[in-house]
Amino acid sequence: MHLEKEGGRRGAGARHVELRQTCAPPRAGLGLTASSHRPPLGASGAAPGSPRQSCWTPVDQDVGPFLTERRSHSPVPHFCSSRSKEPYFTENTPLLGNASQEKGSWYLLVDHPELITAEESWDHSSAEWEGRSLLSSEAAGSSGGSSSDKGDLLEGAHVRFRLSRLRRCARWLKVTSLFVFVVTCSISFSLYPDQGKFWQLLAVSPQESYSANLSSRADSALLQVDLAGALVASGPSRPGRDEHVVVEVTQAEAPGSRRRPQQVTHNWTVFLSPRRSEHLVVSRTFEVLSRRGVSISIRAALQQSQAVPLLVAHQYLGASVEAQVTIAAVILAGVYVLIVFEVVHRTLAAMLGSLAALAALAVTGDRPSLSHVVEWIDFETLALLFGMMILVAIFSETGFFDYCAVKAYRLSRGRVWAMTIMLCLFAAVLSAFLDNVTTSLLFTPVTIRLCEVLNLDPRQVLIAEVIFTNIGGAATAIGDPPNVIIVSNQELRKMGLDFAGFTAHMFVGICFVLLFSFPLLRLLYWNKKLYNKEPSEIVELKHEIHVWRLTAQRISPASREETAVRGLLLGKVLALERLLARRLHTFHRQISQEDKNWETNIQELQKKHRISDRVLLAKCLMVLGSVICMFFLNSFVPGVHLDVGWIAILGAIWLLILADSHDFEIILHRVEWATLLFFAALFVLMEALAHLHLIEYIGEQTTSLIKTVPEEQRLAAAIVLVVWVSAVASSLIDNIPFTATMIPVLLSLSQDPEVSLPAPPLMYALAFGACLGGNGTLIGASANVVCAGIAEQHGYGFSFVEFSRLGFPMMVVSCTVGMCYLLVVHVVMGWS
């Protein structure tokens with residue numbers, strides 16, 4: 001190890017150490033060695049024929065003590081040995097080494113450990129790369145005898161050292177704050193036991209009623225009453241004729257100073273289902289006015305004298321509805337702060353939010369049990385994601401995605417915008433017949449490969465594609481989960497809201513939305529170049545650095561050999577960063593927006609990207625076609641008793657058997673486990689917020705606003721409010737629980753004699769807002785999270801802010817077009 005300047009020697013201020021590795025035995029699991037060759041003349045003081053040993057040599061008086069002090073901590077000397085006569089390989093590519101073109105030796109440039117740390121994150125922007133390599137660039141171009149240059153370098157080194165310490169302090173503060181928060185929530189959750197509900201079986205009829213006196217508690221603010229049985233969550237389909245149960249809660253008013261306490265009675269009407277085999281749990285909370293006892297009475301209004309069995313339970317809560325809603329809003333805002341500013345990974349942010357919401361439920365007296373929390377997770381969605389991820393992982397081994405990328409490039413005739421619009425249109429059409437999550441799983445790998453082939457930025461294309469996936473999913477009754485929930489409601493079916501009518505109405509509206517969305521997409525991308533700003537060599541080198549860094553981070557330092565391997569990989573990352581910085585100063589980065597030589601390029605791409613395994617491709621197409629057909633049969637044929645989750649899991653098992661792959665762990669590594677865990681944590685978070693009455697509060701406030709509007713303008717105001725409240729709420733919280741909560745609220749509103757609004761326009765407004773509102777933020781729709789997870793796995797992850805820059809304007813315009821469509825159809829034309 002020695003110093004070298006531009007003319008054969010290096011200055012003392014360069015702080016570059018050239019590490020010449022000799023042949024070392026390959027380590028297990030790495031397969032990476034380097035060979036020693038004769039150094040250039042004048043590079044060191046040793047004679048050409050003298051034996052050479054790889055070692056650490058002090059550079060100069062400035063950095064020598066630092067390197068000597070940390071000599072024992074570096075894993076690289078463990079790989080140093082004397083020269084071998086049979087080197088394993090000599091590699092001159094940027095992927096495996098920064099090799100000398102003259103002698104074939106491998107130069108590893110190592111900086112001072114305090115100046116560049118292993119924790120520094122890799123950024124894709126050129127300015128960041130240039131800023132990180134400023135010290136190396138100045139040192140390489142400066143004269144060794146200039147004292148002023150030495151002073152500038154030392155000053156820059158001190159600035160970088162202070163910034164490094166500041167980053168470490170900020171990181172320590174973040175970790176400490178989050179740890180204190182987690183410990184506080186854990187203690188709060190553990191101090192309160194599970195409030196198990198004691199269900200009491202009773203039978204009510206027109207002749208027999210149930211009544212009981214409940215003892216109150218001093219710290220109670222709410223009384224929650226639960227009913228279970230053959231119930232329906234919404235109002236009656238034929239007002240005045242449906243069987244129902246009335247729950248009366250009577251309590252004494254708070255005693256005043258001069259008047260006698262009055263009895264206050266609250267009535268709660270719950271309608272019975274004609275199918276007595278159904279089972280549904282409904283809940284309602286009542287405010288506790290005083291510490292006096294509360295009496296509850298249940299009576300039934302039936303067309304027959306036969307008794308109806310019911311289960312009843314009650315519990316007291318220690319916080320009011322306003323306090324619980326405030327706590328839920330604070331927790332939701334905290335989760336968004338963690339995700340927007342990327343304080344932690346979005347999966348960890350969802351887990352922290354779930355823990356905080358569970359702790360809040362425990363403090364209020366409604367702590368759920370572990371089995372109850374597990375029931376909150378929508379395992380059908382997780383099974384769908386897992387099964388389709390397995391299918392896509394095996395599918396990618398056939399080269400089909402590369403083949404599709406080349407075909408899309410040929411159809412667009414080299415025009416980038418034509419190809420982008422084509423991809424968005426195909427995604428929108430396919431998501432109208434499949435669910436948008438499956439469409440994202442199928443389209444995202446194809447889009448990434450296509451952008452890599454054409455040197456495009458995959459992030460911008462992926463964001464636009466997933467937005468149009470959500471728009472297309474709103475066109476049919478099976479394209480998006482909120483539509484499925486609306487069409488599956490039995491009360492709405494009795495009102496004439498069937499599959500065909502719902503699909504026809506939504507399809508026309510979504511066509512208008514698409515007509516306005518494509519020009520808006522072009523306008524938003526007007527000043528953005530979809531091509532990468534750097535040449536393809538720079539882009540590939542950045543991607544290699546990212547892959548090497550991820551590989552080093554995934555090696556756990558459990559042994560000395562693994563620690564040495566990780567240190568060698570991190571050194572490799574630093575060497576490639578120096579090479580990248582030099583190339584950024586050399587290349588002139590200008591690329592035209594349109595590929596003029598597309599006909600020549602298409603021939604080269606067709607030779608390079610072909611189907612690699614036609615037999616496996618035939619098996620994949622057969623299984624995937626069967627899975628898609630089963631998706632359609634599940635929606636239209638009542639005899640198929642398989643949900644989409646079961647269909648995806650069975651398809652994955654079929655393909656695993658047909659593929660006969662023995663590397664099962666490699667397939668599992670391609671599953672987005674972080675995405676699956678994020679959805680599980682998100683389901684728990686949303687259900688906990690629902691138990692804190694956040695979603696119910698939003699629905700009640702929307703209903704109150706609609707009732708304040710004059711009757712002749714009430715329908716138009718209701719459509720506008722439902723569309724925008726649903727859109728904003730769906731962009732902040734999951735649209736599935738929000739839709740399930742809003743349906744009974746809107747049904748009760750339409751059946752209120754004081755309001756007298758038709759239910760179908762309100763449901764269409766809910767569908768437009770819930771489906772299109774998912775484009776507002778990254779976690780607003782399931783397809784967004786799936787696309788971001790796959791892109792992150794391929795090294796092209798995009799942040800919350802990057803998605804919102806395009807998604808939020810698209811959400812505003814698309815919801816505006818959908819709202820205008822509903823106003824014209826239902827208000828102007830009077831179609832109800």
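Mentor: Happy to! Let us begin with a term: a residue is called buried when its relative accessible area is under 20%, exposed when it is over 50%, and partly exposed in between, using a 1.4 Å probe and protein chains only. By that rule, 50% of the 832 residues of the protein chain count as buried. Please keep in mind that this is a predicted model, where local features need pLDDT of at least 70 and side-chain atom pairs count only at pLDDT 80 or more, while totals for chains, interfaces and linings use all residues. Residues are numbered from 1 along each chain as its sequence is written, and side-chain values use heavy atoms, leaving out hydrogens and water.

The chain has 28 helices and ten strands; these are DSSP runs numbered from the N terminus, with helices (H or I) of at least four residues and strands (E) of at least two.

Now for our close look, at helix H5. Helix H5 covers residues 321-340, which makes 20 residues, and spans 28 Å from its first C-alpha to its last, close to the expected 28 Å. The expected span is 1.5 Å times one less than the number of residues.

Which residues of H5 are buried? They are Gln324, Val325, Ala328, Ile331, Leu332, Val335, Tyr336, Leu338 and Ile339. These residues lie on the same side of H5 because they cover an arc of only 160° around the axis, where the arc is that of the directions from the helix axis to the C-beta atoms. On the face turned away from that buried side you will find the exposed residues Glu322 and Val330. Just after H5, Glu342 has a positive phi of about 55°.

Thr702 belongs to helix H23 (residues 694-707) and counts as buried because its relative accessibility is 5%. The side chain of Thr702 reaches the backbone oxygen of Ile698 at 2.8 Å. Apart from neighbours within four places in sequence, Thr702 is in contact (heavy atoms within 4.5 Å) with Leu721 and Val725.

Thr444 sits in helix H11 (residues 436-454) and is buried, with a relative accessible area of 1%. Not counting residues up to four places away in sequence, Thr444 touches Leu462, Glu465, Cys787 and Ile790.

Finally, back to the whole chain: among contacts with a separation of 6 or more, 80% join residues 24 or more positions apart.

Conventions
Polar contact = N/O pair within 3.5 Å; in protein donor to acceptor, adjacent residues only side chain to side chain.
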